[in-house]
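Me: I have a structure here and some labels I want to check. Can we go through what stands behind them?

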Amino acid sequence: MRSKTILDSILLSGVAALALGLGATAFAQGTTAPATATDEDAAEAAAKAAAAEGDEEIVVVGSRVRRTTYNSASPVQVITREESTLAGYSTTTEALQGTAVTGGSAQINNAFGGFVTNGGPGANTVGLRGLGAGRTLVLINGRRVAPAGTRGAVGSADLNVLPGAIIDRIEVLRDGASSIYGSDAIAGVINVITKKNIEGLTIEGQYNKTHEGHGDESRVAVVGGMTGDDWTLSGSAEYYEREGLTLADRDWAKCNIDNRINRTTGALTDTIDPITGKPKCYPITTTGSNGVTINTIGTSNTIGVAAPGATGTTFNRWRPNSAVTTGLIGFEGVGGGTTTNTNIRDTFDPKTLNRSLISGARVMTAFLQGSYELHSMGNAEIYAEVLLNRRESEQTGFRQLSLDYNKGSPLIPAGLQASTFSGPSLTSGPRNVGVRAFIGFGNDQSSQEVDYYKATAGIRGELGFSDWRYDVNVSYSKSDATYTFQSWLTSRLAATLNAVAAPVGFTGPVRNGLTCAINLIDPTANCIVAPALNNQTIGGILPEDWKNYTFVPVTGRTKYDELVFSAQADGTLFEIWGGNKVSAVFGIEYRTAEIDDTPSIYSQNGDLYNFTSSAITRGDDSVLEVYGEVEVPLLKDQDFAKELTLNVSGRYTDYDSYGSDWTYKVTGIYSPVDWLSFRSTYGTSYRAPALFEQFQGATSGFLSNTIDPCNGYGGDPGTFRFANCASEGLPGNFTNTQSVAVISAGGAAQGLKAETSDNLTAGVVFNFDLGDEFGKLNVAVDYYDIQIDNGVQRAGAANILQLCYDDPQFRAGGGYCRYVAPRNPVNGALTVQDSYTNVATVIVRGMDYNVRWEAEVGPGTLLLNASLTQYFEQSSKLASDDEFDDANGSLNNPEFTGTFDATYTYDSWKFRYGLEWIEGMDSFEYLGVDEATTGFQFRVPNYYLHHISVQYMDEEAQWGATVGVRNLFDEIPPQTVSSGFYNLVGNAPLYSGYDYAGREFFVNITKGF
């Protein structure tokens, strides 16, 4: 596999391989929204910023060397604040998660509030090259943005903390850069650069209004600053609010059908609801129309009357029907027993449509920066930055309640007293369960409050010899968050269901003559007895006092602290032929970080009903690094060598947690003539294990008994699995009837180490000046190849069990069997320890194509930008002897994505059209499914988004307005995927590349003073 990769790299590098490490002036890629600059635009933006700071030299992301031209051997994309406004983005988050930056790779955004994600609900992250947020480093003014979020898995920067209005530009490096910046810079680096030397005050407001209503966004901001002879002070304050969007707010999100078809006729084969006559559906699920049973009870097998659509005479699932007067009086059978149709149970409650499609949020951000010249210590300047941010976000869910009534309980009506639904459960104690009620409880609420601040102070100046300068700074960041959700407490449910007759004269809580048994033992318990089993209870109409007692807010707190000390010196080492200067940077950096996630005591004690338990996540790590970078201009302004520059960088890293390592990078630029350049980079990068991956507290859960490798193992004689299962004394026809317990935790105890990667890029850039009549044409083509080894990942309980029981040495050989506890000698149950470990290998290869043309057309200027990202491979494997699984082109992993925009500038006016394209995807090959014979559908068509806008800026009066429409044709996510394999919204994949809000109109107004 890897030899083929290397061969492809050589072929695609072509002529580039002739010039050591080849490169070109940074051609920042053309995008749609916002448009991406080319090398000229980038140079102009950077030059303006440098001039504003009184500096004739600049530093480009991906290097620490100061230079007088905006050049880089790596592909660098530049997004300006003006372009982001013209595109209609209301936040920095939206700009960074757009197709133009991500290349179509899936991101964690506000549509993931109901799912378990790193950073917790409401967090927004960005990951380049489809490699995840943990492998992309985010900076602000060249310094790290520390992680923020809730729950134990906080390990990436939350884009919500970034300021917006004061941003000058964003530089995006799509190349590994750990030798320059340290950990996490495997897929690339995003550097947010703020405006400097601001004079005056600017007020800005923006409103994004959705066409269908709900999900609106609003933002107000103030940016101001002042300067003196020796000092500068500037800052911004902004408030952003996003209205939540629910499933009920969009017709396409209300229903998820099975979506199976007959390949011969093309007709749907979905189950038809006997009442509506339409295919059954259930919103947001992996199980399609099955949904979650509600308005139903479970009993032992009992003779009764079949509900419409069911057949048979014996059932163990029932729903109320007062018209039934035979069998189980007052109920009709809907499943179990002898019925042949179990898809007629009630699953749909209108309140399920109140679930969040997009989280609501309010974000408040303040940023302050300043500097003061000392006129001493080498013309030193002291500088400081402070970033303050608060995010308040919330989500609405829907909960089903399985309420177990104890066998013989006075809460069970007489007609059901003979039933025994199951053995003891979590809430029944030692007693059997007589009847289980499946209740549509209703909506539950989750919320998060995240306070984040980052303070930086430093001093920079001249060292007093040659042109050498120094820069010493320290930064401290803190995220302090609380998260609250609602849950039933197992202990309280158990107490309320243990009902007894209240004695005469009892003064504690009583309902219908019954009270909780614990009230007779402990008068201070104030236990509220559970409601009797009747039609109201089954239908979800429950007493408020009982709900308040059993269903409570559960709050945890997550803190993350990071301290960074950095010192570096840079300047000219010496001159070589032609007067060319060899530049260098040498530095040292110390970082220490600490995480402390303390879940609610109820969660720590495993008292959350039908929820996994969570222990405290607490730990710290520190690192000391020494780095250097040298840039050698070998040739300049020579025949057939307008530029030949070599850059070499290296970094030594020493972590407390796992030890030391080296990373390096070699880059090169070769321009034989003015209009042609080659560029290439090769290096190594790394990602230190996130603190939560090392120290996450043990979380217990359960998986299906069907993953036990010894189920029916007798049919495989002669295999290692047969011998290993037999060695445990299991019969050949063994079937595990117990759920598999899974304990997940951090991997520090297993000696977790850093991921490592090899990164290669090679490209060619053409810069044609076609004269005044035809303008300027720029073309860039770049190849990229990234391989990650020792990837930090959980192996997965099912994989661990298979690898253990197929191991010829079994438990004596260690291996994966180290993570499998000895079987329970009574019932054969299994317990698996699934911690983070170094196992995964990931390969990503592809091409970036960018074209930019600018010319005078009529009375104005026309600028066209086009960008195309192509993946050749997006493959991964878990263990070293596994085959690679290539997800390229499968759902949520497009092979091609593209953006285009056209901007026409006339006087004070700009007119823009933008297009985003995601190629159609299908997962038949990836899932090993034959499309010609299966009834499943795993294909989505091409997806297009069109945007238009108009901007007017009056520089003299210092005001401007931008109006436009995003998603002009109201394109909805494709409703073509079958249930059962992917997380879906409606029948569309849960994927950040799709627009859930729909068409929206936006207006942005600025006024300066």
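Reply: Go ahead. Keep in mind that this is a predicted model.

Me: Why is Ser-992 called buried?
Reply: Its relative accessible area is 15%. Buried means under 20%. So Ser-992 counts as buried, since 15% is under 20%.

Me: Where is Ser-992 found?
Reply: Ser-992 is in the loop between β42 (988-989) and β43 (1000-1008).

Me: What does the side chain of Ser-992 reach?
Reply: The backbone nitrogen of Gln-107, at 2.8 Å. The cut-off for a polar contact is 3.5 Å. Ser-992 also touches Ser-105, Ala-106 and Asn-109, besides Gln-107. That list leaves out residues up to four places away in sequence.

Me: What makes strand β1 largely enclosed?
Reply: Five of the five residues of β1 (residues 76-80) are buried, so the rest of the structure largely encloses the strand. Both faces are covered. Val-76, Val-78 and Thr-80 are buried on one side, Gln-77 and Ile-79 on the other.

Me: How do you know that β1 pairs with β4?
Reply: Pairing takes at least two bridges. Five bridges join β1 to β4 (residues 167-173), so the two strands pair. They run antiparallel. Gln-77 has Val-172 as its bridge partner in β4.

Me: Which residues of helix α15 are buried, and why are they said to line one face?
Reply: In α15 (residues 797-805), the buried residues are Ala-797, Ile-800, Leu-801, Cys-804 and Tyr-805. Seen down the helix axis, they fall within an arc of 115°, so they line one face. An α-helix has 3.6 residues a turn, so residues three or four places apart point the same way.

Me: What do the buried residues of α15 pack against?
Reply: They pack against β28 (699-703), α13 (720-727), β29 (740-745) and β32 (831-857).

Key: Residues are numbered from 1 along each chain as its sequence is written. This is a predicted model: local features need pLDDT of at least 70, side-chain atom pairs count only at pLDDT 80 or more; totals for chains, interfaces and linings use all residues. Side-chain values use heavy atoms; hydrogens and water are left out. Buried means under 20% relative accessible area, exposed over 50%, partly exposed in between (1.4 Å probe, protein chains only). Helices (H or I, at least four residues) and strands (E, at least two) are DSSP runs, numbered from the N terminus. The arc is that of the directions from the helix axis to the C-beta atoms. Contact means heavy atoms within 4.5 Å. A polar contact is a pair of N or O atoms within 3.5 Å; within protein, one must be able to donate a hydrogen and the other to accept it, and residues adjacent in sequence count only if both atoms are side-chain atoms.
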